[in-house]
Amino acid sequence: MKPRSSGYGAIRALVHCFAFLFVTAAHAQGPLVWALGDSLTAGYGLPPAQGFTVRLEQALRKSGVPATVKNGGIAGDTAAQGRARLAWGLRGLGVKPDLVIVELGANDMLRGMPPAAVEQNLDLILAELKRRQIKVLIVGMKAAPNLGVDYAKAFDTLYPRLARKYGDRLYPFFLDGVAGKAALIQADGKHPNAQGVDIIVGRMLPTIRAALR
C-alpha cells in the first residue's frame, strides 16, 4: 500500500526552506558570525534580547558592520560535545560563515577534566574549520583558583598555544572585566548578567571587528 504523504513533513521542509532563505538574505547584506560555545554564548539565565549573540549583533551593527550573529551555544557543553555537533551546526547555517567564535572549555575546567583532553578536542575543531577555510576567533577561559597552580598553568596556556598553531585570533578571557565582580554576575556566581554581557561585548568588539576584516 502506498503510504500517505505527511503534512508535517511538508511543513517542516517549508520551515527549513524559509530559514535557509532568511540566513542567505542576511548573509548577502553583511558578514555571518556563528558563536560555537556553551552557556556563556547561549545567554544562560537571561532573556533572549540580553544574551551575548543578540547584544553582539547590535553592537556590530551600531559600529557600522551589518553582521548577523547566530547563536551556537548550548548550556553545559564541553569541548568534546562542541566538536561532536560542529559539522551539523555549520550545515544548519545554510551558508558558510565569515567567522566562527569558538568559546568552549569552561565546563571541562569546572569538572576538572584534563587540560590535554580539552586541548585535543579544541584542536580537532580548529583543524576542521581551517580545512573549510573559515576564519576563527578563539575565546579563552581561565581556570578556577581552587583547581591549583599546576592545573591553571596547563589549562590557561592551551588557548594561546592553539591560536599560534592555527594562526587564529585570540581573545584571552571571555569574562574579562566581569569575573569576580558580584554586581556583574548572576546569582549562580558563574554567568554574567545583562550589564556584564554588555561589558563583555564592548571589550570583545574591536577583536571581532578585526577578525572580520
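The questions and answers below explain how terms are applied to this predicted model.

Residues are numbered from 1 along each chain as its sequence is written, and side-chain values use heavy atoms, with hydrogens and water left out. In this predicted model, local features need pLDDT of at least 70 and side-chain atom pairs count only at pLDDT 80 or more, whereas totals for chains, interfaces and linings use all residues.

Q: What makes up the secondary structure of the protein chain?
A: The protein chain has 10 helices and 5 strands. Helices (H or I, at least four residues) and strands (E, at least two) are DSSP runs, numbered from the N terminus.

Q: How many of the residues of the protein chain count as buried?
A: Of its 213 residues, 47% count as buried. Buried means under 20% relative accessible area, exposed means over 50%, and partly exposed lies in between (1.4 Å probe, protein chains only).

Q: Which share of the contacts in the protein chain with a separation of 6 or more comes from residues 24 or more positions apart?
A: Such residues account for 77% of those contacts. Contact means heavy atoms within 4.5 Å.

Q: Why is H8 called roughly parallel to H9?
A: Helix H8 (residues 149-156) and helix H9 (residues 158-166) pack at an angle of about 20 degrees, and their axes are 5 Å apart. That angle makes H8 roughly parallel to H9. Angles under 35 degrees count as roughly parallel, over 145 as roughly antiparallel, 65 to 115 as roughly perpendicular and the rest as oblique. The axes are lines fitted to C-alpha atoms, for helices over the stretch in contact, and angles run from 0 to 180 degrees between N-to-C directions.

Q: Why are the buried residues of H8 said to line one face of the helix?
A: The buried residues of H8 are Tyr 151, Ala 152 and Phe 155. Seen down the axis of H8, they fall within an arc of 100 degrees, so they line one face of the helix. The arc is that of the directions from the helix axis to the C-beta atoms. On the other side of H8, Val 149, Asp 150 and Lys 153 are exposed. The buried residues of H8 pack against helix H6 (106-110), helix H7 (115-131) and H9.

Q: What puts the buried residues of H3 on the same side of the helix?
A: In helix H3 (residues 52-62), Phe 52, Thr 53, Leu 56, Glu 57, Ala 59 and Leu 60 are buried. They cover an arc of only 165 degrees around the axis, and this puts them on the same side of H3. The buried residues of H3 pack against elements including strand S1 (32-37), strand S2 (68-73) and helix H10 (194-212).

Q: How is it known whether His 191 is buried or exposed?
A: The relative accessibility of His 191 is 10%, so this residue counts as buried. His 191 is found in the loop between strand S5 (169-171) and H10. Leaving aside neighbours within four places in sequence, His 191 is in contact with Ser 39, Leu 40, Tyr 44, Ile 185 and Gln 186.

Q: Why is the pairing of the side chains of His 191 and Asp 188 called a polar contact?
A: The two side chains make a polar contact at 2.5 Å. A polar contact is a pair of N or O atoms within 3.5 Å; within protein, one must be able to donate a hydrogen and the other to accept it, and residues adjacent in sequence count only if both atoms are side-chain atoms.

Q: Why does Lys 70 count as partly exposed?
A: Lys 70 has 26% relative accessibility, and therefore counts as partly exposed. The place of Lys 70 is in strand S2.
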